[in-house]
Amino acid sequence: IAAYQKSIFLSHEGKTEMESLQELKKADSILEELIRFIEEIPLHALILFLPYKASMWDSMESVYLAAKEDPACIPLVMPISYLQRSNEKEELFNERENFPKDIPLIGEDFSLEEQRPDCIFIHYPYDDKNYVTSVHPRYYTTNLKQYTDCLVYIPYFTSMGILTNDPLSLVDFQYVDYIVAQNEVHRASFPSGARDKCLLLG
């Protein structure tokens, strides 16, 4: 903006008509760049929720409903596929049919690369370290972090507010920007290096 103002001023101060025209052209070019910059600023935040098990959706639902009520947010829910391994057998599942019917769902053809959500909420931060159940590699935190500036892990809470199956390893949370903790007891159950990432619900 300052450069635009300067060019307009110099166009009036030009010693010759040619100098004035050159400064006006420069001002027009700067103005076009400013307009393009403003047009590229998103008016709404795109929030993507990536649950994988329908039974765990309730711990994400309150955040989704809050985002849905916020006119500045566009919340999307995409149930993602996961792998179940047993006896050297591997099966791929997707539980989208088991989610509440009043929650609009999008398909896995959603392009993370093109849409680049402002924020992504996940249930699964372990990437390839869980040998029984694993989300599809496309949804590993190492990959998701390439397409968002805000990756948030929401654990599935037990009634006691303690981690149920989180391995006590900081490595599992290195690509996560924030972790939603239910209370101080829950926060304390995370590795010490991950506690600074915790956001308390209460």
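1. F49 is buried, at a relative accessible area of 0%. Here buried means under 20% relative accessible area, exposed over 50%, and partly exposed in between (1.4 Å probe, protein chains only). W57 is buried too, at 2%.

2. On the basis of this note: the model is predicted, local features need pLDDT of at least 70, side-chain atom pairs count only at pLDDT 80 or more, and totals for chains, interfaces and linings use all residues. Residues are numbered from 1 along each chain as its sequence is written, and side-chain values use heavy atoms, with hydrogens and water left out.

3. The rings of F49 and W57 form an edge-to-face pair, because their centres are 6.4 Å apart and their planes stand at 80 degrees. The rule: rings of Phe, Tyr and Trp (its six-membered ring) pair if their centres lie within 6.5 Å; planes under 30 degrees apart count as stacked, over 60 as edge-to-face and the rest as tilted. Ring pairs join F49, W57, Y64, F99 and F121 into a cluster. The whole structure holds eleven aromatic pairs.

4. The sheet is open and has six strands, in the order β2-β1-β5-β7-β8-β9, with parallel pairing. Strands pair if DSSP finds at least two bridges between them. Helices (H or I, at least four residues) and strands (E, at least two) are DSSP runs, numbered from the N terminus. β2 (73-77) and β9 (198-200) each have a single partner strand, so one side of each lacks a neighbour in the sheet. Neighbouring strands are turned by 25 degrees against each other on average, direction ignored.

5. Strand β1 (residues 45-50) runs parallel to β2, and five bridges join them. A45 faces C73 of β2. Helix α3 (residues 58-69) packs on this sheet and touches β1, β2 and β5 (119-122). Contact means heavy atoms within 4.5 Å. The direction of α3 makes about 145 degrees with that of β2. Axes are lines fitted to C-alpha atoms, for helices over the stretch in contact, and angles run from 0 to 180 degrees between N-to-C directions.

6. The count gives one cavity of 30 Å³ or more. A cavity is a set of points on a 1 Å grid over the protein atoms alone where a 1.4 Å probe fits but cannot get out; lining residues have an atom within 4 Å of a point. The largest cavity has a volume of about 30 Å³. Its lining includes L50, I122, H123 and Y139.

7. A194 lies in the loop between α6 (184-188) and β9. A194 is buried, at 0% relative accessibility.

Terms used:
On a 1 Å grid over the protein atoms alone, a cavity is a set of points where a 1.4 Å probe fits but cannot get out, and a pocket is an open set with protein on both sides within 12 Å along at least five of seven lines; lining residues have an atom within 4 Å of a point. Grid points are joined across faces, edges and corners, and a volume is the space filled by probe spheres set on the points.
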